[in-house]
Amino acid sequence: MGTVPALSIAAMAVSLAVCVGLPVGLCIFMKKVGKASLKSFFLGCGTFVLFALVLEQILHILVQAVSGTFFSRNLIAYAIYGGLAAGLFEETGRYVAMKFFMKEQLNKQEAIMYGAGHGGIEAVLLGGMAGLSNLLTSVMINSGSLEKLLPAGDADIQAVLSQLTELPSWQFLLAGMERCSAVVLHIVLSYLVYLGVKNKKIQFYFLAVGIHFAVDAGVVYAARYVPVLALELGLMAVVLAMAAVVYVCYSREKEK
């Protein structure tokens, strides 16, 4: 077993810091500058856990039990199904949270705070935990302590660990980059759902579902054919463009 380059470990640490620091920083900023409540942040966290990590996963288990290997053999169907499930569950969760649990305090600042919590807990649980695991494993590899704990000759484990030692260092930065795009996207979608709830216009909810579906399905499909760096840069460009539009709407709403 080789060693993990110091530059790779540094990149893992940066991505981990982004995955944890970005949501915390947004929460502090919206609390102090936007005067938003911590309730909205933690409601966003709880809604993501319930709708994405519990309810949506139950659906996936049931669908897999019925479909067998169909989706694993059909990329387009898998992308459509995955994007639609994510869009419906997460945007419905957003809608329910804002309509029934934020109605007395719902405003644009609280919507942004909610989005920071919804996307932030995803960043911590998915990006942060994976980053922490990679970081600790890399330290153990370099110290020689991990090799003593592993069963000798396990090819599957060796193949997984070889990614840490062989991947170019810059690729470990992509996890943080992806989470930045995801958090911004969740804020955009939260603002759209907020507009739907506030103005009683259900079309904003369906717009959020459609955007979420398009982004998730598009990423799953494109990942098979597009280089990872180009994919992440393209995703960030699309998300930033949507964020710019939302910022304009947010600013104009302030002027009313």
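**Close-up views of salt bridges, helices and a surface patch**

**View 1. Glu122, Glu178 and Arg179 are joined in a network of salt bridges.** A salt bridge is counted where a side-chain nitrogen of Lys or Arg lies within 4 Å of a carboxyl oxygen of Asp or Glu, and the structure holds four salt bridges. The model is a predicted one, in which local features need pLDDT of at least 70 and side-chain atom pairs count only at pLDDT 80 or more, whereas totals for chains, interfaces and linings use all residues. Residues are numbered from 1 along each chain as its sequence is written, and side-chain values use heavy atoms, with hydrogens and water left out.

**View 2. Arg179 forms a salt bridge with Glu122, and the closest N and O atoms are 3.2 Å apart.** Because Arg179 lies in helix α8 (residues 174-198) and Glu122 in helix α5 (residues 108-143), the pair ties together parts that are 57 residues apart in sequence. Helices here are DSSP runs (H or I, at least four residues; strands would be E, at least two), numbered from the N terminus. Both Arg179 and Glu122 are buried, where buried means under 20% relative accessible area, exposed over 50%, and partly exposed in between, with a 1.4 Å probe and protein chains only. Glu122 counts as buried because its relative accessibility is 11%. The side chains of Glu122 and Arg179 also make a polar contact at 3.2 Å, a term for a pair of N or O atoms within 3.5 Å of which, within protein, one must be able to donate a hydrogen and the other to accept it, while residues adjacent in sequence count only if both atoms are side-chain atoms. When residues up to four places away in sequence are not counted, Glu122 touches Phe48, Gly127, Arg179, Ala182 and His186, contact being defined as heavy atoms within 4.5 Å.

**View 3. Within helix α4 (residues 75-101), Glu91 and Arg94 lie three residues apart, about one turn of the helix.** Glu91 forms a salt bridge with Arg94, with 2.7 Å between the closest N and O atoms. Side chains of opposite charge can pair when their charged atoms come close. Glu91 is buried, with a relative accessible area of 0%, and Arg94 is likewise buried, at 0%.

**View 4. Lys198 forms a salt bridge with Glu253, the closest N and O atoms lying 3.0 Å apart.** This pair links distant parts of the chain, with Lys198 in helix α8 and Glu253 in helix α10 (residues 228-255), 55 residues apart. Lys198 is partly exposed, with a relative accessible area of 45%, whereas Glu253 is buried, with a relative accessible area of 15%.

**View 5. Helix α8 is mostly covered, since 20 of its 25 residues are buried.** At 1.5 Å a residue, the 25 residues of α8 should span 36 Å, and the end C-alpha atoms are 36 Å apart, which agrees; the expected span is taken as 1.5 Å times one less than the number of residues. Helix α8 is followed by Lys200, whose phi is positive, near 55 degrees, in a residue other than glycine. Lys200 is found in the loop between α8 and α9 (202-222), and at 75% relative accessibility Lys200 counts as exposed.

**View 6. Lys35 has a positive phi of about 60 degrees although it is not a glycine.** Lys35 is found in the loop between α1 (6-32) and α2 (38-67). Lys35 is exposed, with a relative accessible area of 66%.

**View 7. A nonpolar patch on the surface is formed by Val49, Leu50, Leu53, Val54, Leu55, Ile58, Leu62, Leu125, Leu126, Met129, Leu132 and Leu136, with about 950 Å² of accessible area together.** Patches are made of residues with over 30% relative accessible area and no salt bridge, where like charges are joined within 9 Å and nonpolar side chains (Val, Leu, Ile, Met, Phe, Trp, Tyr) within 5 Å. Accessible areas come from the Shrake-Rupley method with a 1.4 Å probe, and for residues only the protein chains shown count as cover. Helices α2 and α5 each supply at least two residues of the nonpolar patch, and α2 gives the most, with seven residues. Ile58 lies in helix α2 and, at 43% relative accessibility, counts as partly exposed.
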